[in-house]
Amino acid sequence: MGTIEEPTEDDLSVSSPKTWATGAPAVAHALRYALGQTSPRRTALTLLNINQPKGFDCPGCAWPEPAPGRRHANEYCENGAKHISDEATSRRVTADFFRAHPVSELAGRSDYWLNQQGRLTEPMVKRPGSDHYEPIGWDEALGLLADGLRALDHPDEALFYTSGRLANEPAFLLQLFARAFGTNNLPDCSNMCHESSGSALGETLGIGKGSVSLDDLYDADLVFVVGQNPGTNHPRMLSALEETKRRGGQVVAVNPLPEAGLLRFKHPQKARGIVGRGTAIADQFLQIRPGGDLALFQALNRLLLEAEDAAPGTVLDREFIAAHTTGFDAFAAHARTIGWAEVAEATGLTREEIEQVHRRVLGAGRIIVCWAMGLTQHKHGVPTIREVVNFLLSRGNIGRPGAGVCPVRGHSNVQGDRTMGIWERMPQAFLDALEKEFSFTPPSAPGLDSVDAIRAMRDGRARVFLGVAGNFVRATPDSEVTERAMRNCRLTAHISTKLNRSHTVCGETALILPTLGRSDRDVQAGGEQFMSVEDSMSEVHATRGRLAPAAPRLLSEVAVISRLARLTLGDKPDIPWEEFTRDYDTVRDRIARVVPGFEDYNARVRRPGGFRLPNPVNRREFRTAGGKAVFTRNDFTALRAPDGHLILQTLRSHDQWNTVPYAMDDRYRGITGGRRVVLVNGADLARLGLAERDLVDLVSVWEDGRERRAPGFRVVSYPTPVGSAAAYYPETNVLVPLDSVADISNTPTSKSVVVRLEPVRDRTADGRRTVPGPQQES
């Protein structure tokens, strides 16, 4: 398939942002990418099995599939097709590759180049003092890792990280292994993304998950889509919103950037999506300033209270409030103090825009609020989501059909991993159930989340890092600090399908343990196996790989974790690790006895489409301390940048999945041939004395006084809110200070970074005047 060239930023081209998404171009781009990765036959086999009842779940986003009888034969989006084609690639990374490329060279390669090399094929080790990975047998590799774990002074010196690609069965085994080893150090990717959602929903509703189903979304009268870009991050959501519109519902989009998919959607599986104009999704678009969502919902709540004053008993659901909630009076008293001048400053919206939304709210009986990282990754992310809950509780839009909360998870099984116990602070009831089932006492002290894990490695309190799926180094903030922390470890190990940046940031000893992908057939001693996942709406279903494994020496994640656990723990406690590897039904039998809602797991997950986990909120049962849903009082917050500075939000390009770009383009935003760009409002460019395509360094400002610099970005004039900017991650993760986190949830504040744009022409020559490659951010 030819040599993979390292991309450059020399071909940057900028055009007007698109005003619609998907249609025939999306199909063409997906097929072109797929056929560039593998054969037509393998492409067809992959795409015909993705998201089908007897196939495999897309390893991309966590958006749910319709019921089996309502699914399309091509139940995937452009980015899902790219993501699964990326996994099904025919390219291979062998021992010869590592002999040809020292770690020091790989560390200087871009994320794009590393990913494009293909699937990992055999275990590799980088030994102390070496600059090369070399082959190692599975027994020796797992023995080396087990020895490293047993040599620690305390179990809390180990970290067990995972991303949302991990399915339920290996996730359950990973947390079981970690707790049997003696630690709750189970950081995961949710710590960086939706932890604020879980914190806010757990406090106010008693469960940290969304409450709605696809049918609820279809039947809603009004859907808010806040701080998210479905057209890029979960495009199949646009199909659901199109159905909402078809049934008479309305959509309000709230986002700092105009997103093409929320303006107009051309369904690629329908004639009107190919030759027609498609469907206008957003009935109203609010271009809000970053972080202004708290102020917006506080203003809406004030308007609801005033409307109730004017027409008592006609606006608020007084019966629901009295029977099912607490804290309303304190919330209402505070909401009435919110001033319109403050709201205008925080949101950048006019009072008329907000009152127009208010009129839509008054006309809607059933309301859903959907959100993603645009709400969670701020210092006040938890209060913002609590205010969203206030808004829904006020009119009884919790716990009934067509209404509720909908945090949209960005990675396939991140919600399922949490259900399986991947959390550093699992409730005592879960730990008690583990103890009863497996006859050992799990540790009860809270473990480390992702941010605290970096601090622990930095400070020498954590010595062994095991990453299962994911790309920890590139998913986390403060890149320079994170990389130094990882290199401070005695041993780092990654269970992975593809090469990524984390493999180049090594501890004293480093292991790469290659594993089966979601699309690979998994055959064990007990026969062909399947696994299961949980989507964003609590639907649990089977996923069965259909492709021949990428290499003969690959092990499944279940097998790797189980073999490692046996080598590390021996027979104490007495856990049947070999049985788990032989037959995954035995894992599900144990899950059924430990995790509520998974009773009769093996039978129910075999049904077409699986089953939905019960949510007590939908029975209007709130498992909070007081047994009721909680109204909260949230202090007003407005982000302010010092003179000469902007509020930067980091985001994905369209041709990207999480930390991995598939191309150097962002088709819907009109950017092609480059990723080191910063999108800035034209008025701000004039105020700062900058012009289109000027070369600047992005320099973040934080109270610790340390300079964080991302060099060599081209300025692009773009319709961002005045006072704000946007640029792609992971290139800009270097700018997010490790200690700049959301209150309560500890989530990095990647959507509210204070930066200045420093023109390169104004600096003295210091060796950094040329545009660096993506590897030189820090």
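Visitor: Which side chain does the side chain of Arg386 make a polar contact with at 3.1 Å?
Guide: In this predicted model, the side chain of Arg386 makes that contact with the side chain of Glu203. A polar contact of 2.8 Å also joins the side chains of Arg386 and Asn634.

Visitor: Is Arg386 buried or exposed?
Guide: Arg386 counts as buried, because its relative accessibility is 11% and the cut-off for buried is under 20%.

Visitor: Let us turn to the open sheet. What is its strand order?
Guide: The open sheet has 5 strands in the order E12-E9-E8-E14-E15, and the pairing is parallel. Its edge strands are E12 (284–287) and E15 (404–407), each of which pairs on one side only. From one strand to the next, the twist averages 15 degrees.

Visitor: Which strands does H21 touch when it packs on the sheet?
Guide: H21 touches E8 (222–226), E14 (367–371) and E15. The direction of H21 makes about 170 degrees with that of E14.

Visitor: How many bridges are there between E9 and E12?
Guide: E9 (residues 250–255) and E12 pair over 4 bridges in the parallel sense. Within that pairing, Val252 stands opposite Gln284 in E12.

Visitor: Now the barrel. What is the order of its strands?
Guide: The barrel is closed by 6 strands in the order E25-E32-E29-E31-E30-E33, with mixed pairing. Neighbouring strands of this sheet are turned against each other by 45 degrees on average, direction ignored.

Visitor: Why is E32 described as largely enclosed by the rest of the structure?
Guide: E32 (residues 724–728) is largely enclosed because 5 of its 5 residues are buried. Both faces are covered, with Ser724, Ala726 and Tyr728 on one side and Ala725 and Ala727 on the other.

Visitor: How does E32 pair with E25 and with E29?
Guide: E25 (residues 646–651) runs parallel to E32, and 5 bridges join the two. Ile647 of that pairing stands opposite Ser724. E29 and E32 pair in the antiparallel sense over 3 bridges, and Val680 stands opposite Ala725.

Visitor: What about E31: how many of its residues are buried?
Guide: E31 (residues 708–717) is mostly covered, with 8 of its 10 residues buried. E29 (residues 677–680) runs parallel to E31 and is joined to it by 4 bridges, including one in which Val680 is partnered by Ser717. E30 and E31 pair in the antiparallel sense over 5 bridges, and Leu695 stands opposite Arg714 in E31.

Visitor: And what is the bridge partner of Asp697 in E33?
Guide: The partner of Asp697 is Glu758. E30 (residues 695–700) and E33 (residues 753–759) run antiparallel and are joined by 5 bridges.

Visitor: On to the helices. Why is H24 regarded as largely enclosed?
Guide: H24 (residues 450–458) has 7 of its 9 residues buried, so it is largely enclosed by the rest of the structure. Those buried residues are Ser450, Val451, Ala453, Ile454, Arg455, Ala456 and Met457. They pack against strands E7 (158–162) and E16 (464–468) and against helices H25 (472–475) and H26 (479–487).

Visitor: What is found at the ends of H24?
Guide: Asp449 caps the N-terminal end, with a side-chain oxygen 3.3 Å from the backbone nitrogen of Val451. After H24 comes Gly460, whose phi is positive, near 80 degrees.

Visitor: Which residues touch the most other members of the largest nonpolar core?
Guide: That core holds 68 residues, and Leu145, Phe160, Phe172 and Phe177 touch the most other members. Its largest share, 9 residues, comes from helix H8 (residues 168–181). A second, separate core of 52 residues includes Phe224, Leu300, Ile338 and Ile398.

Visitor: Finally, where does pLDDT stay under 50?
Guide: pLDDT stays under 50 over residues 763–778. The protein averages a pLDDT of 94, and 97% of the residues score at least 70.

Technical notes. Residues numbered from 1 in each chain as written. Heavy atoms only, no water. pLDDT = per-residue confidence, 0-100. Contact = heavy atoms within 4.5 Å. Buried < 20%, exposed > 50% of the residue type's maximum accessible area, 1.4 Å probe, protein only. Polar contact = N/O pair within 3.5 Å; in protein donor to acceptor, adjacent residues only side chain to side chain. Core = buried A, V, L, I, M, F, W, Y, C linked by side-chain atoms within 4.5 Å. Pairing = 2+ DSSP bridges. Axes fitted to C-alpha atoms, helices over the stretch in contact; angles between N-to-C directions.
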